[in-house]
Amino acid sequence: MKMRWIALLCAAVMLLAVCVPAWAEEITIPEIDNFTQFDIPDNEAMAYLKSMGVGWNLGNTFDAHVDGASWFRGTELDLETAWVGVKTSEALIAALHDMGFSTIRVPVSWHEHVSGEDFAISEAWLGRVQEVVDYAINQGMHVILNTHHDVYPEFYYPSSEHFEQSEKYLTAIWTQLAARFADYDDHLIFESMNEPRLKDTSSEWYFNATNPECKDSADCINRLNQVFVNTVRASGGNNATRYLMVPGYCAAPENALNEFFVLPEDTADNRIIVSVHAYTPYSFALQDGGTASFTGGATNQGSEINRFITSLYNTYISQGIPVVIGEFGARDKGNLQARVDFAAFYAAAASARNIPCCWWDNGAFSGSGEVFGLIRRDSCEWQYPQIAEAIVRHGGYDKIPAKAE
């Protein structure tokens, strides 16, 4: 009888071990000793990047769009919850601030909220966006406000064929946004476009330097970035010197580093931020399937992260030109410890070179798609506090050890 109870007890322990969810496992936040501070110029732009710390994206929220889908029967303002299912609360932004995030990126798709030939933005939609921007501003956070999923021929599309239409649309949108936020101080950043690219073509995510259409698109993106800068600067107020973010083709780092990307001319001194997105290494961070394991240091995965960040440092940061990684992250593959290790290494690698990085949180926690959620929007409770803590602990130039004298 005694042996039978021992056997039953062992079976129960084994069953409990199998049933423990991933989030309940003991997770450790690694100490990252691979990095010391890279030398950075002593200018206002570098000091500004320091103040940005690390950031978080309010993904799948104001960027949601349905484009006439029959399943959506809500009002215009209901689009905020169409993808993520939860209305953004002031408590959510406070929870991010309390965790230690200093920057929030607010992606917004505008094309379903405009009317007329002048693309007048709905007052209700713009007012709601401003309300959430104010949640973060009131917490002393930096806010990045952009145009997101607006890449359509009838709005903007980076090709010569559609340039006139694109120029008209972006001028209209940024004229209105610049006027609305003209009195906001430097805590508010404008970002011209999100991942501009030849959408729905074979070149959408692959820039081919020998392809005339790709080269034409890169040129159009440069010209549209210039339109954006000119429009904002002409609006006056604090927009005359506001920090402005501009991407290259599809916002990929390599497309901000090649010969086809040109920084816009500007009337303000060194107030243009290079905007890039990097889900690197792809096989771990974004690829469906791919690998679920991560090791930093001198491994191929760590080297891949260091390689692109060092290139950005050498080309821009070392010259005093600011760079922000507006999106990074790793989808959930049932590999929480690996994602914590990745987040810590990535934040430290970027921070050592004074490049702020913003985690892409789309509010997704289940399914086989791009699951990047960290915090529950409805309860404001962290589903994966360990990832957030890893980013915050290692994120920020001043958190990286200085070089030994």
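**Close-up 1. Helix α9 passes helix α10 in a right-handed crossing.** The model shown here and in the other views is predicted. Helix α10 covers residues 385-394, and its axis lies 8 Å from that of α9 at a packing angle of about 20 degrees. Angles under 35 degrees count as roughly parallel, so α9 and α10 are described as roughly parallel to each other. On the α9 side the meeting residues are L336, R339, V340, A343, A344, A347, A348 and S351. On the α10 side they are Q386, I387, A390, I391 and H394.

**Close-up 2. Helix α8 and helix α9 also make a right-handed crossing.** Helix α8 spans residues 300-315; the axes of α8 and α9 come within 10 Å and cross at roughly 25 degrees. The two helices are therefore roughly parallel to each other. From α8, the residues in this contact are G302, I305, N306, F308 and I309. From α9, they are F342, F345, Y346, A349 and A350.

**Close-up 3. The largest nonpolar core has 132 residues.** Helix α9 (residues 336-352) supplies the largest share of this core, 13 residues. The residues with the most contacts inside the core are F101, I104, W110, L145, F190, F342 and W359. One of them, F342, also belongs to the α9 side of the contact with α8. In soluble globular proteins, nonpolar side chains tend to be buried together.

Close-up 4. L145 and N146 belong to strand β5.

**Close-up 5. Eight strands form a closed barrel with parallel pairing.** The order around the barrel is β1-β2-β5-β6-β7-β8-β9-β10. Direction ignored, neighbouring strands of this sheet are turned by 25 degrees against each other on average.

**Close-up 6. Strand β5 is mostly covered, with five of its five residues buried.** One side of β5 carries H142, I144 and N146, the other V143 and L145, and all of these are buried. In a regular strand the side chains alternate between the two faces of the sheet. Strand β2 (residues 103-106) runs parallel to β5 (residues 142-146), and four bridges join them. Within this pairing, V106 has L145 as its bridge partner, and R105 has I144. β5 is also joined to β6 by four bridges, again in parallel. There, N146 stands opposite E191.

**Close-up 7. Strand β8 is largely enclosed by the rest of the structure, because six of its six residues are buried.** The strand covers residues 272-277. I272, V274 and V276 are buried on one side, and I273, S275 and H277 are buried on the other. Strand β7 (residues 244-247) runs parallel to β8 and is joined to it by four bridges. L244 has I272 as its bridge partner in β8. Strand β9 (residues 323-328) pairs with β8 in the parallel sense, also over four bridges. H277 stands opposite E327 in β9.

**Close-up 8. D98 lies in helix α3 (residues 90-99).** Its relative accessibility is 63%, and exposed means over 50%, so D98 counts as exposed. The C-alpha atoms of D98 and Q139 are separated by 9.4 Å. Along the chain these two residues are 41 residues apart.

Terms used
Residues numbered from 1 in each chain as written. Predicted model: local features only at pLDDT ≥ 70, side-chain atom pairs only at ≥ 80, totals over all residues. Heavy atoms only, no water. Pairing = 2+ DSSP bridges. Axes fitted to C-alpha atoms, helices over the stretch in contact; angles between N-to-C directions. Core = buried A, V, L, I, M, F, W, Y, C linked by side-chain atoms within 4.5 Å. Buried < 20%, exposed > 50% of the residue type's maximum accessible area, 1.4 Å probe, protein only. Parallel < 35°, antiparallel > 145°, perpendicular 65-115°, else oblique. Left-handed = near helix turned anticlockwise from the far one by under 90°. Contact = heavy atoms within 4.5 Å.
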